[in-house]
Every structure is written in structure tokens, then in C-alpha cells.
Amino acid sequence: SRIVTVAGAQMGPIQRSENRSEVVARMIALMAQAHRHGADLVVFPELTLTTFFPRWFMTDQAEIDRFFESAMPSAETAPLFDAAARFGLAISFGYAEQVQEADRTRRFNTQILVGPDGRILHKYRKIHLPGHAEHEPWRAFQHLEKRYFEVGNLGWPVVRALGGHVGQMICNDRRWPESYRVMGLQGVEMILLGYNTPRHNPPAPDHDALGDFHNALVMQAGAYQNGTFVVGIAKAGIEEGCELIGGSVIVAPTGEVIARASTLGDELILARCDLDWTRSYKETVFNFARHREPEQYRMIVER
Ligand code: ING
């Protein structure tokens with residue numbers, strides 16, 4: 001068996017006035033708790049260093065850039081790396097990444113996996129950006145990820161880490177089966193993801209009552225259909241008047257939820273995950289080499 005003791009660190013709301021050092025202190029408190037429970041890994045939400053700023057229409061790039069990290073680690077985030085090394089933990093967390101690439105400034109919604117030695121083991125940039133790019137005043141709140149971020153340019157890599165094959169995705173990605181399957185085809189055994197999901201989706205208010213159901217549904221399906229663990233961790237609660245769902249979960253390759261958050265605040269969930277548990281699915285019902293018919297799937301890519 002290859003047991004990874006996984007902690008999910010659900011974060012409660014982060015208000016606009018809260019600075020990075022205050023957030024980092026909350027994160028380190030959860031890491032200390034995880035360490036006391038013998039965790040090997042702590043997974044934090046999407047954009048876990050600031051409030052979910054795409055809810056606002058902003059035009060001043062300097063104001064927008066105050067929500068981005070132009071260095072990782074920086075003075076404010078270095079304590080996370082130090083705590084990971086001190087506790088011998090790997091950590092996965094999301095942040096708004098500003099980077100100079102190909103001689104221009106680029107901005108991504110990013111999640112990184114940092115090893116206990118402080119090395120960045122995996123970086124993912126969000127590919128499925130939900131919402132819209134222009135101001136839509138009819139909405140109770142905006143969802144301007146298409147305005148503030150570029151589509152990720154790193155694909156969905158799977159790396160060797162934690163004694164197995166590990167991948168990451170972010171928030172809206174979890175609703176798209178392709179995100180899981182691209183990693184499933186690379187033999188992924190544990191997918192780490194964070195999310196900031198408003199309870200209310202202005203274009204489809206009739207979906208609101210099903211928010212928690214859809215959240216669990218997509219991660220349980222993705223886990224089962226690709227024989228992988230899925231760790232899905234929320235930033236939850238009421239941020240600047242906007243309610244975000246909780247429902248952080250750890251899902252087994254069976255599709256069963258084996259740990260779930262009960263609150264909408266900072267809350268640690270835990271599970272001992274035996275990566276060998278994936279084999280019974282990857283070698284039988286989802287033996288891709290034996291049972292998939294890619295020639296029949298072309299429409300998925302060509303449309
Ligand atoms: N948030 C949401 C998500 O995909 C959304 C967008 C909200 C989709 C409600 C559907 C319903 O979970 C992010 N950040 O992607």
C-alpha cells in the first residue's frame with residue numbers, strides 16, 4: 001500500500017480588507033493542525049490568498065494587480081514555505097499569478113504544489129475560465145475571470161509526487177470531464193483542486209438550490225471514471241456580501257466521499273488515501289488500453 005495522509009484545509013471567507021499576512025497566519029494554523037494529525041499533504045482552495053476579486057468590475061490595472069502575486073514565494077508567502085518545511089508537509093494552494101513571459105506581462109489563475117523541501121513540484125494554470133469579460137451590470141455581482149486571467153498554457157500535467165502520480169485543476173475545471181480524462185490518460189492517482197463557487201449563478205438562478213449537489217456530483221464522477229482520488233477544497237462563507245458554497249470533499253477512486261467539511265469556515269478534513277486503491281479501477285472497468293475507442297471520440301476534439 002502507498003498511504004498518503006491528506007488534509008483538506010477549507011478556508012472561510014476572506015474580506016477585501018484582510019491582508020496576505022493575516023490569511024497566511026490562518027493557513028499556517030491549519031497546517032499545524034494537519035501536522036498534529038500526521039498529514040503528508042495539505043490542500044488549500046483556489047485564489048486562497050485574497051478575496052475572490054473577479055466579483056468586481058475594475059479598470060485600473062494597478063488596483064487589479066494588487067490581488068496578484070508577482071513573485072512566489074514573496075515576503076508575505078515565504079512563511080507558508082517555511083511552515084511546510086518545518087512540518088514536513090507538501091502544500092497545494094491557489095493564487096493569482098502575474099509573470100513576465102515572452103516579453104509581456106501575463107496573468108493566470110494558478111495552483112501550485114510545494115514539496116516539504118520548498119521546491120515547486122507542480123504548477124497548473126486554470127484552463128476553463130467561467131463567467132464573462134465585460135461589465136454586466138444586470139448581475140448582482142460580476143464573475144470576470146475571462147477579463148482578469150488568460151487561459152492556462154501548461155495543459156494538465158501529471159507528475160510523480162507523494163509516492164504516486166499527482167495532478168491539479170482549478171474550480172470550474174472540475175465541471176468538465178475532459179479535465180479529469182487528460183490526467184486519467186497520464187495515470188493520475190490523486191487530483192488536487194480548489195474552488196470559490198458562489199451559491200448564486202446569475203445566468204442560471206434555477207441551479208442555485210443544486211449547487212452543493214453539482215459540486216459533489218462532478219468530483220465523484222471524475223474520480224470514479226478515472227480511477228483516481230479527488231481532493232476538492234472550498235473557500236467558503238460570505239465574502240463581501242457574496243455567499244460561497246463549502247462542501248469540501250476528499251473522494252476515493254470508488255467515487256465515494258470519504259471526508260467532507262461541515263462548516264463554512266476554516267475547517268480541516270482528513271483522510272488516509274491508499275494510492276494502490278486506484279488499481280482495482282484502472283486495471284478493470286477503466287482499463288483505458290483495453291476498453292477505450294479513441295477513433296470514435298474525434299468529435300470531442302474537432303468540434
Ligand atoms: N467558480 C464557479 C465554479 O465553476 C460557477 C463558477 C458558479 C459555475 C456557480 C456554476 C455555478 O465553481 C469558479 N471560480 O470557477
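I take partly exposed to mean a relative accessible area between the buried range, under 20%, and the exposed range, over 50%. I keep that beside me while I read this model, which is a predicted one.

**Entry 1: E240**

I started with E240, which sits in the loop between β10 (237–239) and β11 (242–244). Its relative accessible area is 36%, so I wrote it down as partly exposed. I then looked up its backbone: E240 has a positive phi of about 45 degrees, and it is not a glycine. I made a note of this because most residues other than glycine have a negative phi.

**Entry 2: D103**

Next I turned to D103, in the loop between β3 (90–101) and β4 (104–114). Is D103 buried or exposed? Its relative accessibility is 76%, so D103 counts as exposed. Here too I found a positive phi in a residue that is not a glycine, this time of about 50 degrees.

**Entry 3: P73**

I went on to the loop between α2 (61–65) and α3 (78–87), where P73 has its place. The peptide bond leading from M72 to P73 is cis, and I noted its omega as near 5 degrees. I marked the page because most peptide bonds are trans.

**Entry 4: H132**

I found H132 in the loop between β5 (120–125) and α4 (145–148). Its relative accessibility is 5%, so I list H132 as buried. What does its side chain meet? I saw a polar contact of 3.2 Å with the side chain of R139. A polar atom of the H132 side chain also lies 2.8 Å from the backbone oxygen of E134. Setting aside neighbours within four places in sequence, I listed the contacts of H132, among them Q142, H143, L144 and E145.

**Entry 5: the ligand**

I kept the ligand for the end. How many residues surround it? I have 14 in my notes, and the closest are E145, C171, N172, R175 and T197. E145 was already on my page as a contact of H132.

Then I looked up polar atoms around the ligand. I noted 2.7 Å between an oxygen atom of the ligand and an N or O atom in the side chain of T197. For the side chain of K126, an N or O atom is 3.1 Å from an oxygen atom of the ligand. With E46, a polar side-chain atom lies 3.3 Å from a nitrogen atom of the ligand. On its own the ligand has 360 Å² of accessible area, and the protein covers 88% of that. Last, I checked where the ligand sits: the space it takes is the largest pocket.

Key: Residues numbered from 1 in each chain as written. Predicted model: local features only at pLDDT ≥ 70, side-chain atom pairs only at ≥ 80, totals over all residues. Heavy atoms only, no water. Helix = DSSP H or I, 4+ residues; strand = E, 2+ residues; numbered from the N terminus. Buried < 20%, exposed > 50% of the residue type's maximum accessible area, 1.4 Å probe, protein only. Polar contact = N/O pair within 3.5 Å; in protein donor to acceptor, adjacent residues only side chain to side chain. Contact = heavy atoms within 4.5 Å. Near = heavy atom within 4 Å. Areas by Shrake-Rupley, 256 points an atom, 1.4 Å probe, with all protein chains shown as cover. 1 Å grid on protein atoms, 1.4 Å probe; cavity = no way out; pocket = protein on both sides within 12 Å on 5 of 7 lines; lining within 4 Å. Sits in = over half its atoms within 2 Å of the grid points.
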